[in-house]
Amino acid sequence: MESQKPLKHSLLDVCNVAKSFDGVPVLKGISFSLPPGRILGLIGENGAGKSTLVKCISGIHRCDSGKICLHGKCYAVPQEFTLIPALTVRENIYLGRE
């Protein structure tokens with residue numbers, strides 16, 4: 001898959017994300033940009049990698065390669081990061097960095 005350049009004013013950029021479990025590829029070369037005010041639907045059959053992609057974006061899983069950027073800034077979220085269910089994804093990402 002061809003590398004996708006992030007949009008100039010995108011809310012979320014996912015660029016060439018890959019993830020495997022025990023050597024089995026689940027995500028390969030996933031790229032998209034989400035501009036503000038847009039809604040993105042994620043559909044696919046069971047086992048297609050939808051939940052894995054969402055967990056990579058939210059920081060529950062660490063990507064094997066690629067990058068995920070929010071408002072043009074790339075973030076590294078530790079794989080063992082403990083989420084607080086009452087907080088939003090953004091608040092969990094910034095937790096302890098205020």
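# Sulfurs, strands and a core

Colleague: How far is the sulfur of C63 from the closest cysteine sulfur?

Modeller: The closest cysteine sulfur to that of C63 sits in C56, and the gap is too far for a bond, because a disulfide is taken here as a pair of cysteine sulfur atoms within 2.5 Å. This is a predicted model, in which local features need pLDDT of at least 70 and side-chain atom pairs count only at pLDDT 80 or more, whereas totals for chains, interfaces and linings use all residues. Residues are numbered from 1 along each chain as its sequence is written, and side-chain values use heavy atoms, with hydrogens and water left out. The distance from the sulfur of C63 to that of C56 is 3.9 Å.

Colleague: How many disulfides does the structure hold?

Modeller: A disulfide is a covalent bond between the sulfur atoms of two cysteines. For C15, the closest cysteine sulfur is that of C69, at 5.9 Å, which is too far for a bond. The number of disulfides in the structure is zero.

Colleague: In what order do the elements of the protein run from the N terminus on?

Modeller: Helices (H or I, at least four residues) and strands (E, at least two) are DSSP runs numbered from the N terminus. On that basis the protein has two helices and four strands. From the N terminus on, these elements run β-β-α-β-β-α.

Colleague: Which strands are the edge strands of the sheet?

Modeller: Two strands count as paired if DSSP finds at least two bridges between them. The four strands form an open sheet with antiparallel pairing, in the order β2-β1-β3-β4. The edge strands, each of which pairs on one side only, are β2 and β4.

Colleague: How many of the ten residues of β1 are buried?

Modeller: Buried means under 20% relative accessible area, exposed means over 50%, and partly exposed lies in between, for a 1.4 Å probe and with protein chains only. K19 has its place in β1 and is buried, with a relative accessible area of 6%, while C15 counts as buried at 7%. By contrast, N16, which also lies in β1, is partly exposed at 26%. The strand is mostly covered, and the count of its buried residues is seven.

Colleague: Which residue has its backbone oxygen 3.1 Å from a polar atom of the side chain of K19?

Modeller: A polar contact is a pair of N or O atoms within 3.5 Å; within protein, one must be able to donate a hydrogen and the other to accept it, and residues adjacent in sequence count only if both atoms are side-chain atoms. In the pair formed with the side chain of K19, at 3.1 Å, the oxygen belongs to the backbone of R62.

Colleague: How many residues are in the largest nonpolar core?

Modeller: A nonpolar core is a set of buried Ala, Val, Leu, Ile, Met, Phe, Trp, Tyr and Cys residues joined through side-chain atoms within 4.5 Å. The members of the largest one include V14, V17, L27, F32, L53 and I68, and β1, β2 and α1 each supply at least two residues. The number of residues in this core is nine.

Colleague: Which elements are included in what covers the buried residues of α1?

Modeller: The residues T52, L53, C56 and S58 of α1 are buried, and contact means heavy atoms within 4.5 Å. What covers these buried residues includes β1, β2, β3 and α2.
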